[in-house]
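Let's walk through this structure together, starting with its pockets and ending with a pair of helices.

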Amino acid sequence: MNGSLFTPVASPFLVPFDGSFNLANCRTAPSKDAPGKSDNVAALQASVANFADLQKRLYANDRYSLLLVFQAMDAAGKDGTISAVMSGINPQGCQVMSFKAPNAEELDHDYLWRVQRALPERGRIGVWNRSHYEEVLVVRVHPKFLDGQRLPERAPLAELWPQRFESINAAEQHWARNGTVVLKFFLNVSQQEQHRRFVERIDDPSDNWKFSLNDVAESDHWDEYQAAYQDALRTTSKPWAPWYAIPADSKSYMRRTVADIIVATLSQLDLRYPEVAPDVKAAMVAARAKLVAPKAAGG
Ligand code: ATP
Ligand code: MG
């Protein structure tokens with residue numbers, strides 16, 4: 001058993017499991033015949049309503065958890081997608097985690113420690129804005145980050161990244177075998193659109209706070225990031241933890257596509273409300289009769 005709790009949703013954006021993934025062939029914009037904005041907005045609304053219903057069941061059923069991983073270049077729209085897709089969800093049943101550069105305590109542990117601690121409980125949804133994948137993305141593009149990790153014996157880099165993929169695959173399979181539905185989304189923005197959004201952030205004073213010179217510096221490493229993303233997605237897209245590379249140049253299309261995939265995945269689970277045992281049911285019926293019975297005079 002490979003740990004799969006569901007069948008990955010058939011989608012043009014599903015990253016294949018056979019190692020043939022080629023990022024350069026992936027769309028960053030929807031195709032010409034893809035639905036337009038108003039269709040996307042309506043579809044998103046419908047999916048959000050379905051997701052809300054599925055979340056209630058997930059919570060009541062209390063056996064599975066759902067982990068949604070979002071990775072992307074800056075300004076691809078992770079934050080907006082997370083808030084759009086989660087907009088109908090009861091906040092008590094979900095937790096959003098943003099993984100930044102590791103702090104001192106995190107650096108004192110192996111790199112899976114902080115994500116392991118952040119896994120959603122049964123019945124809950126965990127949303128990860130960045131994740132353990134940064135360890136094979138930003139750290140791969142800037143191997144100097146490894147110095148801070150103080151590994152006693154560091155494998156040569158040519159071995160280190162495959163070792164990390166192996167650990168990540170094993171961890172995710174372990175999570176899946178224990179009831180976590182893992183879905184991973186790479187929001188695939190073009191560099192041209194990214195730069196357009198950076199300029200927008202500079203031009204609009206109310207968006208200035210979103211602009212970071214560091215984002216521009218990272219964009220200069222575009223090709224290295226693309227290579228790292230391709231290798232990571234190619235190696236870690238698995239039936240129990242599939243990657244979807246979603247075109248991100250159109251926000252409305254991206255958001256509805258992500259929501260559709262989540263709903264189609266969760267719909268496959270047997271998320272029945274727990275049934276009450278016959279004796280408990282009988283006690284409930286008796287309690288009900290008492291609750292609706294007319295009060296005795298003077299009582
Ligand atoms: P936003 O800019 O939309 O608020 P963000 O995710 O870009 O969201 P920032 O605080 O701008 O948040 O950036 C977080 C930074 O932390 C990113 O540059 C990311 O690459 C970096 N980071 C995350 N995990 C690691 C890691 N394990 N090692 C090194 N850097 C990391
Ligand atoms: Mg940022």
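In what follows, Ala, Val, Leu, Ile, Met, Phe, Trp, Tyr, Cys and Pro count as nonpolar, Asp, Glu, Lys and Arg as charged, and the others, Gly among them, as polar. By that scheme, the lining of the second largest pocket holds 5 nonpolar, 2 polar and 7 charged residues. This is a predicted model, in which local features need pLDDT of at least 70 and totals for linings use all residues. Residues are numbered from 1 along each chain as its sequence is written.

A pocket here is an open set of points on a 1 Å grid, where a 1.4 Å probe fits, with protein on both sides within 12 Å along at least five of seven lines; lining residues have an atom within 4 Å of a point. Of the 14 residues lining the second largest pocket, Glu106, Leu107, His109, Asp110 and Tyr111 lie nearest its centre.

Now turn to the largest pocket, lined by 45 residues, with Asp74, Ala75, Lys78, Arg130 and Asp215 nearest its centre. Its lining divides into 15 nonpolar, 10 polar and 20 charged residues.

Finally, look at helices H2 (residues 78-85) and H11 (residues 251-266), whose axes come within 10 Å and cross at roughly 50 degrees. That makes H2 oblique to H11, a word for angles that are not under 35 degrees (roughly parallel), over 145 (roughly antiparallel) or 65 to 115 (roughly perpendicular). Helices are DSSP runs (H or I, at least four residues), numbered from the N terminus, and axes are lines fitted to C-alpha atoms over the stretch in contact, with angles from 0 to 180 degrees between N-to-C directions.

Methods
Chains are lettered from A and ligands numbered from 1 in the order in which they are written. This is a predicted model: local features need pLDDT of at least 70, side-chain atom pairs count only at pLDDT 80 or more; totals for chains, interfaces and linings use all residues. Side-chain values use heavy atoms; hydrogens and water are left out. Helices (H or I, at least four residues) and strands (E, at least two) are DSSP runs, numbered from the N terminus.
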